[in-house]
Amino acid sequence: MTPVYVVTDIEVNGPTPGQHSMLAFASVALDAGGGEIDSFEAVLETLPEAGEDRITIEWFKGFPEAWAAATTNPEPPERVMARYADWVRALPGQPVFAAHPLAFDGAWIDYYLRRLCGIRMLKGPWIGERLFDTAGLCLQAFAAGRTGWDFHACHTEAYPPEWLGHVPHDHTSINDARGYANLLRTLLHMTAPTDTWR
């Protein structure tokens, strides 16, 4: 089955799933050639027992529009995640989760899916449904491989604006997901540098 890349960006009120809450997230689904299939976005109510991280909240004060986008008209998280799972299942191909970086965004989506839907995000030897195929795609690592850049040089501010489709990286989940979707599209059509290993 052909892959469908589900490029995802999240916004949170702290670094730790469960101890803090995911405020909003968005996904843009691309086909194997980088064409957009569909998108999903939602704002979530905070987890009832979770707090917020002072440093993260202070950082958000520098981005009032992003804060408003991540906190306006939130829905119950269990409802959001059930709707998201149905959306992913309906995509026309094998869904592959993608994020920049995978380790951060993926940990949050996995936690919310496990806690609220009883399913895992990524494929593995455990019992039960796995919503996505393979171990996911880290766009930061993929950018390093495609460009030949040092891994630490692969960050949003370093990419030419056209790689992100001239979408501003403004910390609203849908804009950032769409920018990263454009990055993936760029990388899919890029030829990796010649291997110079001896």
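What order do the five strands of the open sheet take? The order is 3-2-1-4-5, and the pairing is mixed. The model is predicted: local features need pLDDT of at least 70, side-chain atom pairs count only at pLDDT 80 or more, and totals for chains, interfaces and linings use all residues. Residues are numbered from 1 along each chain as its sequence is written, and side-chain values use heavy atoms, with hydrogens and water left out.

View 1. Helices (H or I, at least four residues) and strands (E, at least two) are DSSP runs, numbered from the N terminus. Two strands pair if DSSP finds at least two bridges between them. Strand 3 and strand 5 (137–138) stand at the edges. Each has a single partner strand, so one side of each is left without a neighbour in the sheet. Helix 2 (residues 64–71) packs on the sheet and touches strand 1 (3–12), strand 2 and strand 3. Contact here means heavy atoms within 4.5 Å. The direction of helix 2 makes about 90° with that of strand 2. Axes are lines fitted to C-alpha atoms, for helices over the stretch in contact, and angles run from 0 to 180 degrees between N-to-C directions.

**View 2. Strand 1 and its two partners.** Strands of a sheet pair through backbone hydrogen bonds, either parallel or antiparallel. Strand 1 and strand 4 (residues 94–99) run parallel, joined by five bridges. Val 6 has Phe 97 of strand 4 as its bridge partner. Strand 1 and strand 2 run antiparallel, joined by eight bridges. Glu 11 has Ala 24 of strand 2 as its bridge partner. Nine of the 10 residues of strand 1 are buried, so the strand is largely enclosed by the rest of the structure. Buried means under 20% relative accessible area, exposed over 50%, and partly exposed in between (1.4 Å probe, protein chains only).

**View 3. The hairpin of strand 2 and strand 3.** Strand 2 (residues 22–30) and strand 3 (residues 36–43) pair in the antiparallel sense over seven bridges. Phe 25 has Ala 42 of strand 3 as its bridge partner. Five residues lie between the strands of this hairpin, where Gly 34 takes a positive phi near 95°. Phe 25 also belongs to a cluster: ring pairs link it with Phe 40, Tyr 84 and Trp 87.

**View 4. Aromatic pairs.** Rings of Phe, Tyr and Trp (its six-membered ring) pair if their centres lie within 6.5 Å; planes under 30 degrees apart count as stacked, over 60 as edge-to-face and the rest as tilted. By this rule the count is 14 aromatic pairs. Trp 59 and Phe 60 form an edge-to-face pair, 5.0 Å centre to centre with 65° between the planes. Trp 59 is partly exposed at 38% relative accessibility, whereas Phe 60 is buried at 2%. The rings of Trp 149 and Trp 163 have centres 5.4 Å apart and planes at 25°, so this pair is stacked. Both residues lie in the loop between helix 5 (139–147) and helix 6 (173–188), so the pair ties together parts that are 14 residues apart in sequence. Trp 149 is partly exposed at 31%; Trp 163 is buried at 15%.

View 5. The 16 residues of helix 6 should span 22 Å at 1.5 Å a residue, and the end C-alpha atoms are 22 Å apart, which agrees. The expected span is 1.5 Å times one less than the number of residues. Buried residues of helix 6 include Ile 174, Tyr 180, Leu 183, Leu 184 and Leu 187. The buried residues of this helix pack against strand 1, strand 2, strand 3, strand 5 and helix 5.

View 6. A disulfide is a pair of cysteine sulfur atoms within 2.5 Å. By this rule the count is zero. Cys 138 is in no disulfide; the nearest cysteine sulfur, that of Cys 154, is 9.5 Å away. Cys 138 is buried at 19% relative accessible area, and Cys 117 is partly exposed at 27%.

**View 7. Backbone details in the loops.** A cis peptide bond joins His 100 and Pro 101, with omega about 0°. Pro 101 is found in the loop between strand 4 and helix 4 (102–117). Thr 134 has a positive phi near 60° in a residue other than glycine. Thr 134 lies in the loop between helix 4 and strand 5 and is partly exposed at 36%. His 166 also has a positive phi, near 55°. His 166 lies in the loop between helix 5 and helix 6 and is exposed at 59%.
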